[in-house]
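Dear colleague,

I am passing on the structure that we spoke about, and you will find it just below. My notes follow it, and I would be glad if you could read them with the model open.

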Amino acid sequence: MICCLNPDCLYPQNPVGTNFCVSCGTGLIPLLRGRYRVIAPLGGGGFARTYLAEDVDKLDEQCVVKQLAPQAQGSWSLKKATELFQQEARRLQQLGQHHQIPTLYAYFKEDNYLYLVQQFIEGQNLLQELQQQGVFNEAKIRELLHDLLPVLQAVHQQQVIHRDIKPENILRFQSDGKLVLIDFGVAKQATATAIAKPGTMIGSLGYAPIEQMQEGEAFPASDLYSLGATSFHLLTNICTRDLWIRHGYGWIQNWRQHLKQPITQELAHIIDRLLQENHAQRYQSTEEVLKDLNKRLSGRNIPVTIVTPGPNQKELLCWNLLPWAVVAGSGSSMLMIALISFLGTIWISSGIWLLILAGFIFVQPRPLFEKTYLFILALITTLFIVLVFQKLQIGRALQYSPNGLILIVFLVIISGLLALTIMSLSLLFNNLMSKFI
Ligand SMILES: Nc1ncnc2c1ncn2[C@@H]1O[C@H](COP(=O)(O)OP(=O)(O)O)[C@@H](O)[C@H]1O
Ligand SMILES: [Mg+2]
């Protein structure tokens, strides 16, 4: 096969020996720079196209040819795209010594297009692997982090920030399963001033952290965010781009609810710290992540807590439930007092109370775990009322001497406070648990 190098050609593959593309009519180039035979398209992003090629000077060894093909119009965009492409070549030259980063073979201009030629990695990218093999389990995610973090460490040591880590940009060597980091198109020198002009490529939606999207800034922690988003995507098969479009950065607050399989609290904690919206709260370096990853692996005999899919712990109890706890506590005790006073019997009143309250709480549009929690609070405070009534042997509260009304108000306030106290203690306990586990 011979590939048409017109970046706009829809069906670029042609039989060997053809002179003009059967699809778009463009003249075909049998050997780029008299050396590289481009045979098939591999991918096409915003400003570059990637092809599989053969190097005739190296006994037809396979290589990858990337062509600058900016889609954006206007001289500023073209200049920017050219700059990014040159940058990619420079980064590959600088970093390509690492065996998990492709080596740069050549960089040249031909027929008004810029090309870079790099080592071909035989294998699949992680998006393809996900589509073929299904979601990654915890062991596979840990392996991914273990394998990729040292590569990222080497990149950061050269003061380079990749800025576009995502499953498509991570390849797996078919031979030994090692991971390779590719696509340094938007990688930047950490010290360079960011150019955040509209239309500038600054990474991929859903994988790029907020500082990269808003300010065009990138730190080592920015790549760590993208690594967190990548891990999430591979664990759940949910593209973070879709979540980002629908919820902005809100999705990272409750990423656990999308899990389809249990993971340990340890891994969940690592992903939590990778996915912090504020970069200052994230891990600051690959070393920090590796330390946590190793620490937790070496503690094999420590029993692990499983984080099951569904609402996460932070979400399970949150501080905005406090006023509702007071309403549930005092409201339900008021209802109980009214019922006992009206019917004069505790048992029938309790039955009716249960029906009314259950109906009232469960029609509310809130998550089931919140409703259940509020219901339990109401139950506890009402039990308290029943106990008081039994102790004082009161039937109709209003007729209770010396002043029934004061007693009712007092009991309702106490019930509200009781519910508030229980709720606050639960929240404190919950926060402590999530910090120390
Ligand atoms: N060195 C390589 N070896 C093998 N496949 C590659 C290589 N570089 C890129 N590819 C394949 O081509 C796709 C697009 O390449 P990439 O460099 O990420 O360009 P883009 O800028 O279009 O995202 C990748 O997802 C991968 O599947
Ligand atoms: Mg890419």
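In this predicted model, 3 strands form an open sheet in the order β8-β10-β11, and their pairing is antiparallel. Helices (H or I, at least four residues) and strands (E, at least two) are DSSP runs numbered from the N terminus, and two strands are said to pair if DSSP finds at least two bridges between them. The edges of the sheet are β8 (123-125) and β11 (179-181), each of which pairs on one side only, and the twist from one strand to the next averages 30°. Strand β10 (residues 170-173) is joined to β11 by 3 bridges, and within this pairing R172 stands opposite L179 in β11.

Two helices accompany these strands. Helix α3 (residues 138-157) packs on the sheet, where it touches β10 and β11, and its direction makes about 40° with that of β11. Helix α2 (residues 126-133), for its part, lies across β8 and β10 and runs at about 95° to β8. For these angles, axes are lines fitted to C-alpha atoms, for helices over the stretch in contact, and the values run from 0 to 180 degrees between N-to-C directions; contact means that the C-beta atoms of two residues, placed from the backbone, lie within 7 Å.

Elsewhere in the chain, strand β4 (residues 48-55) and β5 run antiparallel and are joined by 8 bridges, with D55 standing opposite E61 in β5. The two strands form a hairpin with 5 residues between them, and L59 in the turn has a positive phi of about 55°. β5 also pairs with strand β7 (residues 113-119), in the antiparallel sense and over 5 bridges; here C63 stands opposite Q119 in β7. Because 6 of the 8 residues of β5 (residues 61-68) are buried, this strand is largely enclosed by the rest of the structure. A residue is buried if 20 or more other C-beta atoms lie within 10 Å of its own, exposed if 12 or fewer, and partly exposed in between, with the C-beta atoms placed from the backbone.

As for the chain as a whole, there are 13 helices and 14 strands, and buried residues make up 35% of its 437 residues. Of the contacts with a separation of 6 or more, 62% are between residues 24 or more positions apart.

Residues are numbered from 1 along each chain as its sequence is written, while chains are lettered from A and ligands numbered from 1 in the order in which they are written. As this is a predicted model, local features need pLDDT of at least 70 and side-chain atom pairs count only at pLDDT 80 or more, whereas totals for chains, interfaces and linings use all residues.

With kind regards
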